[in-house]
Structure formats: C-alpha cells, structure tokens
Amino acid sequence: MPERVHSLAASELLSRVFAREIAEGELEPLIGRGVRIGVNDARLSFAVGFDGRRFHPESGPVDLTVTGSVYDFLLLVTGREDPDTLFFHRHLAMEGDTALGVYVKNFLASVDPATLPLGHLLHPALQRCVELYERTA
C-alpha cells in the first residue's frame with residue numbers, strides 16, 4: 001500500500017490514542033512539524049504532522065525520520081527496552097531535527113500504556129507480540 005494510506009491510518013490512530021495528551025497541550029512542540037516512521041523489515045513507512053488539534057498525513061518534507069525494525073519498535077512501545085539504549089545501539093536511527101527526536105522519544109517514554117484508550121487491552125497484546133517474535137526469531 002502507498003505511504004499515504006499508512007499515513008492516514010497512523011494519523012487517525014495517533015489522534016485517538018493521544019486525545020487526552022492533545023487536549024492537555026502536551027504535544028504543542030509538534031505543531032507544524034512532520035515526523036516519518038520507517039519500519040525497515042516490514043517495508044512500512046508513514047509520515048504525520050500535527051496542527052495542535054489532531055495528527056494528519058504529511059506529504060511534504062519532514063523534520064524528523066525514525067527508522068527501525070518491527071521488533072525494535074515493539075520493544076520501545078512496550079517499555080521492554082529503554083529508548084536511549086535502542087538509539088545508542090543503533091537499533092533505532094534518527095535523522096533530521098534531533099531536538100525534536102529527543103522530545104518525541106521522551107514523550108513516548110513518559111506515556112503509561114494503561115492510561116491510553118484501550119491500553120488495558122493493547123499493552124498485553126503488544127507484550128505477546130514481543131514474546132512471539134522472540135520465540136520465533
């Protein structure tokens with residue numbers, strides 16, 4: 001599927017998942033900025049921007065690109081691995097505005113998955129994905 005489709009789905013998902021954080025102004029540093037996420041082994045890429053109210057697909061140049069494998073992103077979102085370790089060991093790579101990258105990394109590290117919509121279901125499912133990957137890889 002084209003990146004635009006992935007970007008549209010990702011922007012809708014992020015807008016819903018982080019609705020509370022958006023309402024509380026926690027994502028203001030992202031206003032007018034574009035971020036691309038590339039999942040190398042899944043050949044998946046999406047780019048999103050933020051206008052202060054919601055995420056939207058970003059079709060132009062972005063300020064930050066973060067790339068890694070499915071496993072590395074699963075480790076990041078489940079909290080199984082410290083984000084600094086993933087970047088230091090070059091499991092995740094960052095290109096572009098590193099200050100923005102540090103903000104995004106710190107924001108994601110500060111989010112408690114249990115407080116997210118359906119977090120009580122999502123976090124255990126992601127944990128099972130990590131375990132499955134580790135058993136089969």
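Q: Which residues of helix 6 are called buried?

A: The buried ones are Gly119, Gln127 and Val130. Buried means under 20% relative accessible area, exposed over 50% and partly exposed in between (1.4 Å probe, protein chains only). This is a predicted model, in which local features need pLDDT of at least 70, side-chain atom pairs count only at pLDDT 80 or more, and totals for chains, interfaces and linings use all residues. Residues are numbered from 1 along each chain as its sequence is written, and side-chain values use heavy atoms, with hydrogens and water left out.

Q: Why are the buried residues of helix 6 said to line one face?

A: Seen down the axis of helix 6, they fall within an arc of 70°, so they line one face of the helix. The arc is taken from the directions from the helix axis to the C-beta atoms.

Q: What do the buried residues of helix 6 pack against?

A: They pack against helix 3 (70-78), where contact means heavy atoms within 4.5 Å. The face turned away from the buried side of helix 6 carries the exposed residues Leu121, Arg128, Arg135 and Thr136.

Q: Why does Arg43 count as exposed?

A: Its relative accessibility is 80%, and exposed means over 50%, so Arg43 counts as exposed. Arg43 is in the loop between strand 1 (34-39) and strand 2 (44-50). Helices (H or I, at least four residues) and strands (E, at least two) are DSSP runs, numbered from the N terminus.

Q: What makes the phi of Arg90 worth a remark?

A: Arg90 has a positive phi of about 60° although it is not a glycine. Most residues other than glycine have a negative phi.
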